[in-house]
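Dear colleague,

Here is the structure for your files. Please look it over before reading the notes below it.

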Amino acid sequence: MEFICIGVSHRTAPLGVRERLALPEARQTEVLQRLAQAPVEALWVSTCNRVEVYLAAPTADVARERARETLHSLGGAEALEHLYEHQGEAALVHLFRVASSLDSMVLGEAQILGQVKDAFERGQGAGAVRGELTRACAAAFGCAKRVRTETAVGRAATSMASAAVQLASKVFDGLKDKTVLVVGAGEMGELAARHLKNAGAGKLIVTNRTLARAEALVAEVGGVARPFEELFTLLASADVVVTSTASPVPLFTRDNVGALGKARKGRPLFMVDLAVPRDIDPAVGTLDWVHAYDVDDIQKFVADNTAARAEEAHKAGGLVAQEVARFARERALRDGMPVLARLRQRAEAIARAEVERTLMGLGDGLTDKQRKSIEAMGRAIVNKLLHEPTARLRAVGPQGEGNRLAGAAAELFGLTEAEAAVIAPSDEDAVPTKEARNTVVASGSRR
């Protein structure tokens, strides 16, 4: 199976393109089921900074074209202009880096691993993520854990939410006497609320379409929960707004925000939009008294923070390379096992036939012990002959050398898939049994 990754991110596409590809979960499931027609597997990763399709397919061309057609249908021709693509081991490296937060807008932020895990579970639930992608994702999650524990890349990392709060504090020279409104009580909203509270916000208000969720959040971090229906009443008195909802259309437009200008008497309003698709229409920023920022604006603000952790990111990149190589070796072993199994079966069948012919030629004069010794000698010869090719196939990687050796072995020995059911190689291929060793030695001494 070939691995492929196709997508857009904050590095290649503007927010306007990314938000057209951001789908609600129900639509993601539909797209996954369309992409993952057996034997193809598909994983759809969608965050505020990226939309990526990971595929595992017998051949890359058909799966790639299907993914490109899907992205084109969602994002239009402009989306195709911003696509990037990784294939084979490069696709695995990219997945491992994404899960480890080495390709994030905010280097080292912790949210991306949870988002990839959510995408993985969604893919499994849709029947789109099966054997190959399940193993690849499990290895990527293990890699991310190593990066978090063995490097400082995530230490004191700035999240999107904390960057938004830092930016608000900078604009207002502190939030001590400010009224702050958090719109949306999901993961990003919760992070924002906690950072705002830690930053000393004077009054924290949380509103959410489901009031109970807002109430649960303020019970933990403090503040006041208000019904979503009061959104624009709350906006009139707010100094800072941090919004992150799953709305498919903007909540805040130039008209509905501009209508509050007279009541606010020109008092400045700082608005940060952490949602994709955006909650705040870009035209809101044209109002004189509104300072509006989206996720791409936050990227510029955190650039210095990212540069400061570049050395740890380099170290983390080395760990990613190690983990990808480990996964590749394990995959090579799985891929080589059918050849090893058929090779062993062929050799054992030949050995049994020759042993039986020898025993028949010797007649009935042999003792039971002598018969067993001859049979053990046949097994020992097979084990010794197959030890080196087995060890060699297990040691090499899957791209190139491993496939070449497995293919060469199958060709040289005339092995076919129909010859036998695939079984794992025996543990005997490394060390002959004591009985077999004694038989070989005894046979040599009788010559």
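The notes below cover the cysteines and one arginine.

Please keep in mind that this is a predicted model.

Cysteines

The number of disulfides in the structure is 0. Cys5 has a relative accessibility of 0% and is buried, because the cut-off for that class is under 20%. Cys143 is buried as well, with its relative accessible area also at 0%.

Cys48 has an annotation: UniProt lists Cys48 under "active site", and the entry is unreviewed. In the model, Cys48 sits in a loop, with strand S2 (41-46) on one side and strand S3 (50-57) on the other. Is Cys48 buried or exposed? Its relative accessibility is 12%, so Cys48 counts as buried. Leaving aside residues up to four places away in sequence, Cys48 is in contact with Arg18, Leu274, Val276 and Val295.

Arginine

Arg64 belongs to helix H3, which covers residues 60-81. The relative accessibility of Arg64 is 15%, and because buried means under 20%, Arg64 falls in the buried class. Which residues does Arg64 touch, not counting those up to four places away in sequence? They are Ile4, Ile6, Leu55, Glu85 and Gln87.

To recap, Cys48 is the residue that UniProt lists for "active site" in an unreviewed entry, and Cys48 is buried at 12% relative accessibility. Arg64 is buried at 15% and lies in helix H3.

Regards

Notes
Residues numbered from 1 in each chain as written. Predicted model: local features only at pLDDT ≥ 70, side-chain atom pairs only at ≥ 80, totals over all residues. Heavy atoms only, no water. Disulfide = S-S within 2.5 Å. Buried < 20%, exposed > 50% of the residue type's maximum accessible area, 1.4 Å probe, protein only. UniProt positions renumbered as here; feature names shortened; annotations may be inferred. Helix = DSSP H or I, 4+ residues; strand = E, 2+ residues; numbered from the N terminus. Contact = heavy atoms within 4.5 Å.
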